[in-house]
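Welcome! Take a moment to look over the structure below, and then we will walk through it together.

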Amino acid sequence: MAKSLEYIRLDKFPHVWCPGCGIGIVMGSIIRAVDKMEINKNDVVMVSGIGCSGRMPGYCDFNTLHTTHGRALSFATGIKLANPKFKVITVMGDGDALAIGGNHLIHAARRNIDILAIIINNWIYGMTGGQYSPTTPLGSFATTAPYGQVEPPFDVLKLIKGSGASYIARGTVYHIRELDKLISGGLQKKGFAVVEVISQCPTSFGRRNKMGSAVEMMKRQKEETVPVKKAEKMSKEELKGKIVRGLFLDEERDEYTERYEKLIAKAKEVHQK
Amino acid sequence: MSKARIMSGNEAVVEGALVAGVRFFGGYPITPSSEIAEVLSRLLPQVGGKFIQMEDELSSVGAIVGASLAGIKSMTATSGPGFSLMQENMGLAFMAEVPCVIVDVQRGGPSTGLPTKVSQSDVMQVRWGRHGDQNVIALVPSSVRESFDLIIDCVNLAEEYRMPVVLLLDEVISHMREKVILPEKDEIKVIERKKPPKGQEKYFPYEITEDAIPPMANFGEGYRYHVTGLTHDETGFPTSDPEKINQVMRRLYQKIEKHKEEIIKVEEKYTEDAEIAIFAYGSVARSAYSAVKEAREKGIKVGLMRPIILWPFPYKKVSDLANKVKRIIVPEMNMGQIIAEVKKVSFGKVKVEGVNRIDGELITPSEIMAKIEEVS
Ligand code: SF4
C-alpha cells in the first residue's frame with residue numbers, strides 16, 4: 001500500500017467519489033499495474049472523459065488529462081502517435097465510452113493503437129444523477145427509465161472484438177486479485193487493450209434498483225459472474241443472468257504506431273529517390 | 001530569393017505549416033479543405049511527422065490537442081460543418097491553453113450548404129461558436145502568398161499565446177492557383193512555446209504571470225501536471241472556489257486583451273484622405289481594392305481598410321476611420337456578420353452599409369463600385 005501512495009496526489013484528497021463507489025478500487029488496480037511494470041511515472045499519461053470516472057486522473061501522479069465527454073480516446077490517440085514512448089491509459093465510464101464515445105472506441109480498436117482502455121461499467125450515468133446508459137440492463141430503473149429500461153444493453157466485449165483489439169478482458173471490483181492481473185496484462189500488451197470493469201454505483205443505480213448497500217452490490221458481483229473457463233462448460237440455460245468474466249482475447253497483432261514508424265521509413269526512402 | 005512557383009492556397013497552407021514546424025495533422029475529409037490533408041499525408045512522414053485521418057472532426061481536434069500536449073506542433077483543416085463539430089474540443093483547448101491550429105476553408109451554410117463554393121460564413125462562428133467567454137485569434141488571408149505567411153503566423157501565435165488559432169480561408173483562395181515567390185527559410189521567424197526555466201522544481205501550468213501567458217511544459221518532461229476542461233486553479237486541478245475561478249478565468253481572458261495591440265494587423269490603402277472607406281477581408285478585399293482604384297481614377301476619394309487578423313477585431317482602428325470618413329461600406333460573402341462589429345464603433349459617427357452575397361459567387365469589383373457611386 002505504502003508503495004502505491006507514491007503514485008497518488010495526496011494533496012488533492014479528499015476525492016469526489018461517494019462512499020462505497022467502485023471507481024477508487026479500479027484506480028488502485030491501475031496503480032499496482034504501473035508499479036509492477038516499474039514504468040517511470042513521467043512516461044505514463046492517463047486520459048479520461050467526463051463523469052465520475054473522469055476524475056480519476058486528477059488523483060494520479062502521472063501526466064494527466066481530463067478531456068471532454070466521450071473523447072478520451074481521441075486525445076489519447078494524438079498523444080500516443082505523437083510520442084509512442086508514452087504508456088497511455090484511458091479511463092472511461094459506460095456512458096462515456098459506449099454512448100457519446102462509441103465511435104472513438106471502435107476506431108481505436110480497429111487501428112490497434114497501443115492504449116490501455118479501462119471501461120468502468122456501473123450501468124448508469126452516475127455523475128448526472130442516474131440516467132440510463134447503453135449498458136443498463138433491460139428492466140432496470142433509472143431517472144430517465146421510470147418504467148424500467150426498454151433498450152437492450154451492449155455487450156461491450158463483443159463490440160470490441162468485432163472492431164479488432166489485441167486484448168479483451170472483463171473483471172469486477174469484487175474480484176480484485178483477478179482484476180489486478182487483467183489490468184496488468186492489458187498494460188503490458190502492445191496494442192489496443194480493453195478491460196471492462198464491472199463496478200457498483202450505490203448512489204445512482206443501487207438505490208433506485210433496491211440493490212442494497214455497496215457491500216451487497218459487490219456480493220452480487222461475486223454471485224452473478226462466472227469465470228470464462230467455467231462458463232465454457234456451462235449450458236446456455238445455466239448462463240442465463242450470469243456475466244462471464246476473465247480474459248477473452250490476448251493476441252499478437254501489428255500495432256498502429258509501430259506500423260506508422262515503418263511508414264515514415266518508407267516515405268523518407270521515397271523522398272530521397 | 002526562391003524561384004517563382006504556381007500553387008493553390010491549400011498548398012501554400014501546407015508549405016507554410018511545415019516551415020512553421022507543424023509535425024502532426026489529425027483531420028477528417030471535407031470539401032473544400034481536403035487537399036490540405038491529402039498533401040500532408042504525403043509530406044509529413046517524409047520529415048518524420050505524423051498524419052492521421054480520424055473518425056470525425058471531434059476526434060480530429062482531440063488528436064491534435066493530445067499531440068500538442070506531447071510537445072508536437074499540430075494542426076487540422078476543415079470546413080463549415082466540420083468546424084461546427086470541432087467547437088467542443090476547441091473549447092477545451094482554450095480552457096486548457098493548448099496550442100494548435102485549425103484551418104477552416106469556409107463554405108456556405110447552414111448545414112451542408114454550398115460545399116464547393118465561396119463564402120465567408122464562419123467569421124462569427126469562429127468568434128462565438130463555443131459556450132463561455134474566450135478571446136480568439138483568427139487570420140484572414142487575401143491571397144495564396146498570404147496564406148503561406150499567415151499559416152506561419154497562426155502556428156507562431158498558437159505557440160506564443162498557448163491557444164488554438166484559426167486560419168479562415170475563402171474557398172476561392174484555397175483553390176485558386178497563383179504565382180508566388182516564397183521567402184527563404186532564414187527570412188522566416190518561427191516561435192516555440194515558452195517553457196518553464198530549466199531546473200525549476202515546482203511548476204504551475206496555469207500560474208498568474210505578468211504577461212498572462214504561463215509557460216508550458218510538455219507531457220513527459222517531468223512535471224506530471226493535470227490538464228482539465230473544468231475551471232481550475234493554477235495547478236490545473238479543478239476548483240469551484242469563486243476567487244480562484246475568477247483569477248484564472250480573468251487571466252485567460254486578459255491573455256489576448258493585454259496583447260491585442262501587438263496582435264492586431266490591418267492594411268490600409270488610400271485611407272489618409274478618403275471620404276468613403278471600404279472595410280473588407282479575405283478574397284473580397286481584392287475586389288474592394290480594384291473598386292477603390294477604379295473610383296480613384298474617377299476622382300472619388302475612397303480608401304480600403306483590410307484586417308489581416310480579423311479577431312481580435314481592430315475596433316480602435318475602425319473607430320478612428322469612422323471619425324474621418326463619411327461612409328463605410330462593408331462587403332462580405334454572408335448576410336452581414338462583420339458589419340455589426342464595424343457599426344459597434346461607428347454608431348453615431350457615420351452610416352455603415354453592406355454589400356452582401358450568399359449565392360456562392362464572388363462579390364465583384366463592379367458591385368462594390370456601384371455601391372460607391374450610390375453613396376458618393
Ligand atoms: S455517483 Fe455512483 S459512480 Fe459516481 S461517485 Fe457516486 S457511487 Fe461512484
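Which strand of chain A is joined to β9(B), and how many bridges join them? Strand β2 (residues 63–66) of chain A is joined to β9(B) by three bridges, and the two run parallel. Two strands count as paired if DSSP finds at least two bridges between them. Helices (H or I, at least four residues) and strands (E, at least two) are DSSP runs, numbered from the N terminus. Within this pairing, A:T64 stands opposite B:H226 of β9(B).

Before going further, a word on what you are viewing: this is a predicted model, in which local features need pLDDT of at least 70 and side-chain atom pairs count only at pLDDT 80 or more, while totals for chains, interfaces and linings use all residues. Residues are numbered from 1 along each chain as its sequence is written, chains are lettered from A and ligands numbered from 1 in the order in which they are written, and side-chain values use heavy atoms, with hydrogens and water left out.

## The interface of chain B and chain A

In chain B, 39 residues are in contact with 42 residues of chain A, where contact means heavy atoms within 4.5 Å. About 3300 Å² is buried between the two chains, and carbon and sulfur atoms give 60% of that area. Buried area here is the accessible area (1.4 Å probe) that two parts lose on being put together, summed over both.

The interface also has 20 residue pairs in polar contact, both residues being at pLDDT 80 or more. A polar contact is a pair of N or O atoms within 3.5 Å; within protein, one must be able to donate a hydrogen and the other to accept it, and residues adjacent in sequence count only if both atoms are side-chain atoms. On the side of chain B that touches chain A, the elements giving two or more residues are α2 (34–46), β3 (50–53), α3 (57–69), α4 (80–96) and β9 (226–228) of chain B. Of these, α3(B) gives the most, with eight residues.

## A salt bridge between chains

Side chains of opposite charge can pair when their charged atoms come close. A salt bridge is a side-chain nitrogen of Lys or Arg within 4 Å of a carboxyl oxygen of Asp or Glu. The structure holds 48 salt bridges over all chains, and four are found across the interface of chain B and chain A.

A:R71 forms a salt bridge with B:E88, and their closest N and O atoms are 3.6 Å apart. This pair crosses from the loop between β2 and α4 (72–82) of chain A, where A:R71 sits, to helix α4 of chain B, which holds B:E88.

## An open sheet in chain B

Chain B has an open sheet of seven strands in the order β3-β2-β4-β5-β7-β6-β13, with mixed pairing. β3 and β13 (309–311) of chain B stand at the edges with a single partner strand each, so one side of each is left without a neighbour in the sheet. Strand β6 (residues 138–139) of chain B pairs with β13(B) in the antiparallel sense over two bridges. There, B:L139 has B:I309 as its bridge partner.

## Backbone details to look for

Most residues other than glycine have a negative phi, and most peptide bonds are trans. A cis peptide bond joins B:G109 and B:P110, with omega about 0°. Another cis bond runs from B:W311 to B:P312, with omega near 0°. In chain A, A:W123 has a positive phi near 70° and lies in the loop between β4 (115–121) and β5 (124–125).
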